[in-house]
Amino acid sequence: MSTATRSLPRSIGAHAILLTYTVIALFPVIIVIMNSFKSRAGIFGAPLTPPTPKTFDLIGYTTVIGQGDFIHYFQNSLVVTVASLFFVLLFGAMAAFALSEYRFRGNTMMGLYLALGIMIPIRLGTVAILQLMVASGLVNTLTALILVYTAQGLPLAVFILSEFMKQVSDDLKNAGRIDGLSEYTIFFRLVLPLVRPSMATVAVFTMIPIWNDLWFPLILAPSEETKTVTLGAQLFLGQFVTNWNAILAALSLAIMPVLILYVIFSRQLIRGITSGAVK
Amino acid sequence: MAAAPKRPFRWHIGVFLAPALLVYTAIMILPLAGTLQLSLFRNIDQSQVFVGLENFRTLFGDPNWSVNFWNALRNNVWFFIIHMLVQNPIGVLLAALLSSPKLRFAAFYRTAIFVPTILSFVIVGFAWKLILSPLWGVAPNLLDLIGLKSLFTPWLGKEEYALTTLSLISVWQFVGIPMMLIYAALLSIPEEVIEAAECDGITGMSQFWKIKLPLILPSIGIISILTFVGNFNAFDLIYTAQGALAGPNYSTDILGTFLYRAFFGFQLQVGDPNMGAAIATMMFLIILGGVCVYLFLVQTRLRRYQF
């Protein structure tokens with residue numbers, strides 16, 4: 001980057017603004033987690049101070065773990081997210097390969113057809129999706145959610161992955177063809193390993209909205225058996241409006257896995273966004 | 001999926017495309033078309049009867065529906081305006097500061113400011129509900145620190161403030177997205193351009209306004225359309241914080257919550273899939289309109305600035 005002459009006051013100003021905003025961004029999260037470790041008196045007496053030995057209490061967590069079926073909800077969320085992710089990446093990469101590698105009649109139209117879904121949210125089709133799921137007996141199954149999320153994730157995945165697949169060298173693929181590899185082997189053995197970094201980017205973009213979605217679990221799979229953690233948390237929080245310890249603990253339990261994953265993968269995510277994957 | 005002439009049919013293209021096309025068409029495109037179609041029918045005596053645009057006439061004309069519809073639409077427009085006026089300028093400001101060269105802790109700020117974006121609406125809605133609750137007193141305590149305690153009211157419970165408050169909560173959650181996209185755009189400005197500007201004596205603020213801002217306009221365009229689509233499709237935050245009735249007194253009702261109530265019914269009213277489909281169709285037309293404006297008006301003009 002350039003070497004602009006930066007005066008000290010300006011740099012202090014930049015840090016002041018960024019730091020202020022960082023505090024605004026983090027403070028609700030910190031407040032919730034901090035207070036979840038306090039007794040009821042501590043929560044109301046001094047909400048802004050960290051737990052002290054006097055106010056430290058795990059009563060909220062014991063209530064949540066004793067009452068809610070959170071581990072089960074957690075499993076459901078995990079199954080739905082991982083399965084949808086798998087299908088989005090596999091089908092998305094296959095379609096992206098077909099669109100970027102071969103020239104055939106209707107190629108551009110096909111690309112546009114798939115791109116339609118990036119801008120038009122799948123939610124608008126909910127009425128008919130529910131009818132479809134009722135007709136096929138998939139209501140209150142995780143399969144329904146997996147199907148919907150796969151369809152939801154595909155357009156963006158195809159779009160991003162075909163951008164990256166265009167960059168894979170033709171010489172490499174042609175060398176493979178001369179060696180007598182089938183098109184399938186070329187795709188699975190040569191191309192897929194080369195686009196793995198962009199697959200990770202797509203994975204992160206696909207995963208967050210699926211994990212956090214409330215609309216489709218609420219409509220397609222609200223039964224006790226199939227509740228996801230987001231829906232479970234929503235209902236649980238609704239039930240325990242007056243039990244502040246339990247609410248704060250439940251919120252913290254919902255925040256922490258995502259937060260830990262984010263801290264681990266944040267580099268990947270931010271590199272994905274800033275590498276111009278979303279142009 | 002036809003093969004080029006004089007060549008054997010290339011089955012593998014079909015095999016590669018089929019799964020994605022099948023799932024996408026069956027679960028997304030057909031239901032979308034089905035919903036649009038359903039909005040033209042009405043359930044009379046247990047059977048679906050074609051009624052043309054009758055459902056839309058009810059939606060716009062029948063006071064039972066139209067009052068709620070226009071209210072939801074108005075609220076949704078306000079929701080969008082707040083995002084455009086608050087979220088995007090803050091995002092640009094943060095990105096501009098982050099991209100300044102030799103800024104220390106840039107990675108830390110970037111990571112921290114993006115945290116709310118990865119949280120689910122359920123967490124965000126409830127956490128803010130607690131913080132703003134007069135029972136707990138976090139918000140009044142904080143205002144007290146800066147001597148403004150008298151300004152505190154239960155914002156989420158007052159008709160005149162609730163929608164704006166929720167919009168600002170949503171801004172708080174999503175400011176990371178414009179920040180990241182603008183940040184990426186700023187980083188991709190070629191060094192030569194910046195150097196040339198410096199040779200001409202354009203630095204600091206004027207460099208941002210005169211050189212960088214025009215170059216990142218395409219990104220601002222993308223962010224605007226993403227915000228538009230996201231806002232007119234929003235549901236979760238309002239539902240979590242205020243319930244399906246979008247209280248107090250429907251003051252936070254937007255198209256998403258209105259669709260949910262129409263489709264599933266609430267309290268005494270029975271759910272009506274056909275009216276739900278009519279509302280979804282309106283949302284579809286609004287979003288499609290926005291996307292078309294963006295594609296045909298905004299983007300073609302912005303192209304000129306690209307390298």
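In chain B, helix α3 (residues 63-98) packs against helix α10 (residues 204-231) at an angle of about 145°, with the axes 10 Å apart. Helices here are DSSP runs of H or I with at least four residues, strands are E runs of at least two, and both are numbered from the N terminus. Axes are lines fitted to C-alpha atoms, for helices over the stretch in contact, and angles run from 0 to 180 degrees between N-to-C directions.

This is a predicted model: local features need pLDDT of at least 70, side-chain atom pairs count only at pLDDT 80 or more, and totals for chains, interfaces and linings use all residues. Residues are numbered from 1 along each chain as its sequence is written, while chains are lettered from A and ligands numbered from 1 in the order in which they are written.

Return to the helix pair in chain B. On α3(B), the contacting residues include Phe79(B), Phe80(B), His83(B) and Met84(B). Among their partners on α10(B) are Phe208(B), Ile220(B), Ile223(B) and Phe228(B). Contact requires C-beta atoms, placed from the backbone, within 7 Å. The α3(B)–α10(B) contact holds eight nonpolar, seven polar and no charged residues. Ala, Val, Leu, Ile, Met, Phe, Trp, Tyr, Cys and Pro count as nonpolar; Asp, Glu, Lys and Arg as charged; the others, Gly among them, as polar.

Now cross between chains. Helix α1 (residues 8-36) of chain A and helix α5 (residues 121-132) of chain B have axes that come within 10 Å and cross at roughly 80°. Therefore α1(A) is roughly perpendicular to α5(B) (the class covers 65 to 115 degrees). Pro28(A), Ile31(A) and Val32(A) meet Ala127(B), Trp128(B) and Ile131(B).

Widen the view to both chains. In total, 72 residues of chain B contact 68 residues of chain A. Helix α1 (residues 11-38) of chain B gives the largest share of chain B's side, 15 residues. That side divides into 53 nonpolar, 13 polar and six charged residues.

Chain A itself has domain 1 (9-57) and domain 2 (71-241), with bounds from an automatic or database assignment. Their C-alpha centres lie 37 Å apart. An unreviewed UniProt entry places transmembrane regions in chain A, including residues 12-34 and 146-165; such annotations may be inferred rather than shown by experiment. Residues 12-34 of chain A are 100% helix, with end C-alpha atoms 30 Å apart. Residues 146-165 of chain A are also 100% helix, with end C-alpha atoms 26 Å apart.

Note on methods
Two residues are in contact if their C-beta atoms, placed from the backbone, lie within 7 Å. Angles under 35 degrees count as roughly parallel, over 145 as roughly antiparallel, 65 to 115 as roughly perpendicular and the rest as oblique.
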